[in-house]
Structures are given as C-alpha cells and as structure tokens.
Amino acid sequence: MKKPDIIFQLSMRSVRLNLLRSVLAALGIVIGVVAIASIGMISANMTLSVTEELSATANVLVVTSDSGGGGGSGPGSGSSSSDDDNYLTSDQFDDIRKAAGSSYVYYLYSESDRIETSDSSGHATVYAMDDEAMTEVLTLTEGSFPSTTSQVVIGPDLVERYGIEVGSKVTIGDEDDDEGETTVRVTGILEERGMSMDINSDSAIITTEKFFTGRYDGEDEYSQVNVVVDDIDEIDTISESIDESLNKKDDEVRVQDSSRMLDSISSTLGTLTSFALAIAGISLLVAAVSIFNVMMMSVTERIREIGILRSIGTQKGEILRMFVYEAAIIGVVGAGIGAILSLVIGYVVVFGMVGTTEYFFAFDSLANVPEGMIIGAVICIVSGVYPAWRASNLDPIEALRAE
Amino acid sequence: MGIIMDSTPVIALEDVRKIYPLLSGDVHALDGVSLTIEKGEFVAIMGPSGSGKSTLMNQIGCLDVPTSGTVKIEGQDIGELSDYDLTALRRDSIGYIFQKFNLIPLLTAYENVEYPLVLKDRSYDTSGRVQALLDSVGIDPALAAHRPAELSGGQQQRVAVARALVNEPAILLCDEPTGNLDSKTSTQIMEMLARLNREGRTVIMVTHDESTAEYADRTILIQDGRIA
C-alpha cells in the first residue's frame, strides 16, 4: 500500500477541514480560468474561421486604384464610388490583363445603395460585372443569372434578412436621390461564400453591367479588378509584374492579396483579444488575492500546530511545502473545474459569437484550456508562497505559545 | 534495555546565558547555568514561574540556542548547528511531552505517533512498531483511529508519550506532563515515565508539583535564572 507523502496528507486534510473557505477561494480560480480560456477560444475560433474563409480566395489578387490616396481602396464594400476619380480605367484593365498572363482577370463595379422589399428596407452592396465573369466567378444555389437589365441575383444573407426568394421584387435606390428608384426581379440566389476580399457577394445584389452603368453612370470606371491566379505559387510574381507595369511612374494601382487582409484582421483580433484577456486577467488577480487571504488565514489559525510540528522535528522546508501544497490543491482543483466548465461555456460562447463551432476542437482553440488551467494553477501556487514562507519562518517557541 | 555507562553526558550545559533584549532593559532569563545530566537519569527541574525553567527547557529541547555558553546534546554543541540540523536533532534525539499534549489535530492518534517516524525514515511504518508503542501506553487500535479531539486528556497524553518514544530518542523531555490531568491519570502517566526511566531512558521533567518531582532521582531548583 502506497500512501501519499505525509506533508501532502496534512495539506489535504487542512483543505477538507476548511472546505467551504477553500471552495470559495477555488471559485475565483474557476472563474478566472473560464474567462481566460473562453476568450482565448473565441479569438482562436474567429481567426481560424476567417483564415479558412480567406484561404478559399487566397489565389485572388485584388487591384484597386491608388489615386484616391489610400482611403478609398477598401475591399468590396463599395466605398470606391464611380462618382469620384477613384477607379480603374479600361486601359489599366488591359494592362493588368497583360501583366497577369494566363490568369483569369475580371473587373467589378460596386456601389452601396438602399434596397427595399415588400416588407422591409435597408442597405446593400450592388455589384456588377460582365456576363462571362458572372458565370465564371459566382455560383448559384437556385434560379439563373440575369439575362436582362431588370434582373438580379442576390446573396444568401440578404435572402435571409429580407425574406427574398426567386421571383421576388426588390427596389433599389431612393426616390429622393438623383438616381431615383428602380425595381428589379430576383432570378437567382448565390451560394454562400463567406468572408473574402475579392467580392463579398453574401450580402450583395449582383446586377448586369448595363443596369449598373445605366443607373450610376461611370462606364469603364471599375471599382476593382480581380486577378484569379492559376498557380498559387505564382501569386507573388504576378503581383510584382502588375505592380511593375502599372506603377512605373506614379503609384496608379494597389495590388493586394488575401494574406495582407488576413494580417490586418489577425492584428485587429489580436488587439481585441489582448484587451479582453486583460479584463479576464483582473478576475485572476482577484482570485489570487482571495487565495492569498485564505492562505494567510490558514497560517494564522494554525500557528500553534506549526509550533508543534516544528518542535517535534518538522523542517522549515516541510512546513513551506505543506502550505504551498494547500494552495496548489485549491489551484489545481479550481483550474480543473475551470477547464471542464470552459469547454462547456466556451462551446456555447464560441457558437454565439463566431457563429460556428466547426473549429472548436482544433488544436489552436482547445490549447486555450490547458493554457488557462496552467495560468490559474500557477497564480494560485504563487499566491500561496508568501503565506507558506511566513509559516515556515515562525519561531517554534513563539508558535507553541499561541492559543 | 540496561543502562550503558558512557563517558559523554547526554546533556552538558556550561555557563549558559540567555538574554532577551527589551526596551526596558535586558532580561537575563538564564544567567550562567552549568549542568550535566548523565544517561539514564531522571531529573526534575523546579522553580517558581519566571525563574527561567522554561528557557532552560527550550535550550535542552534544542528549540533555542544560548546567547553565550554552550549546550551540548550527546556531545553536540547546538550553538554550532544550522536550523536544519537543529530540527533534525529535535526529531531524532528528543522526545517531547507537553502539558497541553500538543498532538496534531489533523492526524489520528496512530498517525500522530507515526508522524516523527515518517519524517525521519521518509516512509510509513510497516514493522508494527507504532501500534506496539500505542499498546504499551494502553491505546488499542480502535482508539488509535480517533483524532485527538475525540480523546480524553489522559488518552491524549498517552498518545503523546508513544509519539515521544517512536524515534528512540536519547532524551525524554517533559514539560509539566501532568499539569492538565486529574490526579489518578497523573499517577498513571508518572508511573509510565518512571517505568521508561527504569528501562534506561533519560527523563527530564519540568514541574512545579512536589509530588510529581518525587519520581525523579535528582531535583534541580532554578531561581532568577540560576541554579539555586
């Protein structure tokens, strides 16, 4: 029969004797671990899901005009309007096509506009591209691509938000605006594409080129040009060659690939995560204070016992160990419960905030649980060190005199 | 176990002084005490409260070191020992019996006796020695499974005696061993100590009770930090 270390047994019994107090102290650690692990998991899941979505279009280079001076070249969402000079010309498009070699190159018009259905209204991105590009780039789940200017296809997010179906009528624009209102018919619904930088079709309306230029003017003034590279290893070469051929004198165009976007999203997520982790860290700090308090109480209550232990030959180091074990038991149990709870709570929170638990069991996500656990347990042990040191350095004669 | 004559005394104090510096002036708790105790002796230390007998006890018990002078336990000068070695000396060479029993409340009676043995050997008792000692002081296994709080004063002190003996110490140091016991139990405990002394153990006992002191071969009287 192998019995555990007698010093450890004393620690165990002390925790058990003051169970309520120990449980309350452990609760702080539980909360801290759950907070840290859940936030870490949310961040990891967001990053993984964004990375996955972007990597689907990792072979796409997005070329936008650089004449607007930085601001107007955001991907997708129509901030580059044909009303200003922030557009690519058809000459530039031809140059890009030449520089891109065998890659598939298409242009995109985009604009943000008001839309209205029979029961609600809001804003959406309106895209247009030539008919060939439309069939090449987009996939329908239902219906067909527009064949006349009064026909459009729409993204799945809009379908959900406005209850649109194939055959529904949608009014684009506002009667008070210069462009006025135009009513179009939905002929097809697009497949979900997720987040990407080339074209965010999920919450957009795709019209024909003729409709778009008829409504917003700006023929041959493209918001962006997308280059779909055949071989992903060539993406840098093609990016450079476009840059060289178009930006010879002035910086005319800006060439971006999804890795750039991923970097910027990751860094934003990283900042947000650090901020959230700092708040979670405060809960661990509070837990550390409560462990410290409990340990100081335990030492004070047991001064006489420490005196007895010392007088009959217990070494300072063994007394130290006894109290550090006590803190460690509270820490490990707290961190363990915290780990189990963070799996449950993390799953729910990730589902709520990221919208999918597809990546929940990925290493980067689950690694937050042991990480949080170790941080929690270590903080607990560290909080117990000073009280333990105090206990071990008590004068045995003084300690024995205590009541 | 018979008395083996040894040239080194178990305890030898030479001109021991213990001074406690206070704001109101130094307190000379021990003021030049010289004392030799041979192996197998039963010595009672008596004196009024504040006389310095507790301080003397702490010196012999290796809980404290003198301000000046030497205290030798089995020839070992405790003033030269580190805290670690002093603690080990308390564990291996001295068995304490306190007035307030001082059992460890978290451990059962059995575990209390086993504790110093585990500290020394770093393993649990498998020889049956712990229970044999408990039997010899009249604590049966059923009783030994109880925590100190569930035992009477007399039972606790018996467990304390067994604990003091478990590491075969050279000295049995008793601080008012019957101070918290009724007269009948006191007699039983004193008989037990006398028997242990007859078996060859050195017993040193601090007491203020004349009748208890009668069990001793020699009585040392302390007054104002000196041997009177």
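This is a predicted model: local features need pLDDT of at least 70, side-chain atom pairs count only at pLDDT 80 or more; totals for chains, interfaces and linings use all residues.

1. A:I29 is found in helix α2 of chain A. Is A:I29 buried or exposed? It counts as buried, because 31 C-beta neighbours lie inside 10 Å of A:I29, and the cut-off for a buried residue is 20 or more.

2. Which residues does A:I29 touch, once its neighbours within four places in sequence are left aside? The list consists of A:A287, A:G331, A:G334, A:A335, A:G338, A:G376 and A:C380. A contrasting pair is A:I29 and A:Y106: they are 77 residues apart along the chain, and their C-alpha atoms are separated by 55 Å.

3. The packing of helices deserves a separate point. Two packed helices are described by the angle between their axes and by the distance between those axes. For helix α2 (residues 19–55) and helix α12 (residues 368–392), both of chain A, the angle is about 150° and the axes are 8 Å apart. α2(A) is therefore roughly antiparallel to α12(A), since angles over 145 degrees are placed in that class. The crossing in which α2(A) passes α12(A) is right-handed.

4. The residues that make this contact can be named on both sides. From α2(A) come A:I29, A:G32, A:V33, A:I36, A:A37, A:G40, A:M41 and A:A44. From α12(A) come A:N368, A:V369, A:E371, A:G372, A:M373, A:I375, A:G376 and A:C380. Sorted by class, the contact of α2(A) with α12(A) has ten nonpolar, five polar and one charged residues.

5. The axes of α2(A) and α10(A) come within 6 Å and cross at roughly 35°. This crossing, too, is right-handed. The residues of the contact between α2(A) and α10(A) divide into 21 nonpolar, nine polar and no charged.

6. Chain A as a whole contains 13 helices and ten strands. How does its radius of gyration stand against that of a compact globule of 403 residues? Such a globule would have a value near 22 Å, whereas chain A has 32 Å. Taken along the principal axes, the C-alpha atoms of chain A fill a box of roughly 95 × 50 × 45 Å. Of the 403 residues, 44% count as buried. Among contacts in chain A between residues at least 6 apart in sequence, 81% join residues at least 24 apart.

7. Chain B has eight helices and ten strands. Its radius of gyration is 17 Å, close to the 17 Å that the globule rule gives for 228 residues, so chain B is as compact as a globular protein of that length. The C-alpha trace of chain B spans about 55 × 40 × 40 Å along its principal axes. Buried residues make up 46% of the 228 in chain B. Of the contacts in chain B with a separation of 6 or more, 70% are between residues 24 or more positions apart.

8. B:D15, in strand β1 (residues 11–20) of chain B, has a phi near 45°, a positive value in a residue other than glycine. B:D15 counts as partly exposed because 13 C-beta neighbours lie inside 10 Å. For B:E176, phi is likewise near 45° and positive, again in a residue other than glycine. B:E176 lies in the loop between β7 (171–175) and α7 (183–198) of chain B. With 20 C-beta neighbours inside 10 Å, B:E176 counts as buried.

Conventions:
Residues are numbered from 1 along each chain as its sequence is written. Chains are lettered from A and ligands numbered from 1 in the order in which they are written. Axes are lines fitted to C-alpha atoms, for helices over the stretch in contact, and angles run from 0 to 180 degrees between N-to-C directions. Helices (H or I, at least four residues) and strands (E, at least two) are DSSP runs, numbered from the N terminus. Angles under 35 degrees count as roughly parallel, over 145 as roughly antiparallel, 65 to 115 as roughly perpendicular and the rest as oblique. A crossing is left-handed if the near helix is turned anticlockwise from the far one by less than a right angle, and right-handed if clockwise. Two residues are in contact if their C-beta atoms, placed from the backbone, lie within 7 Å. Ala, Val, Leu, Ile, Met, Phe, Trp, Tyr, Cys and Pro count as nonpolar, Asp, Glu, Lys and Arg as charged, and the others, Gly among them, as polar. The radius of gyration is taken over C-alpha atoms; the globule rule is 2.2 Å times the number of residues to the power 0.38. A residue is buried if 20 or more other C-beta atoms lie within 10 Å of its own, exposed if 12 or fewer, and partly exposed in between; C-beta atoms are placed from the backbone.
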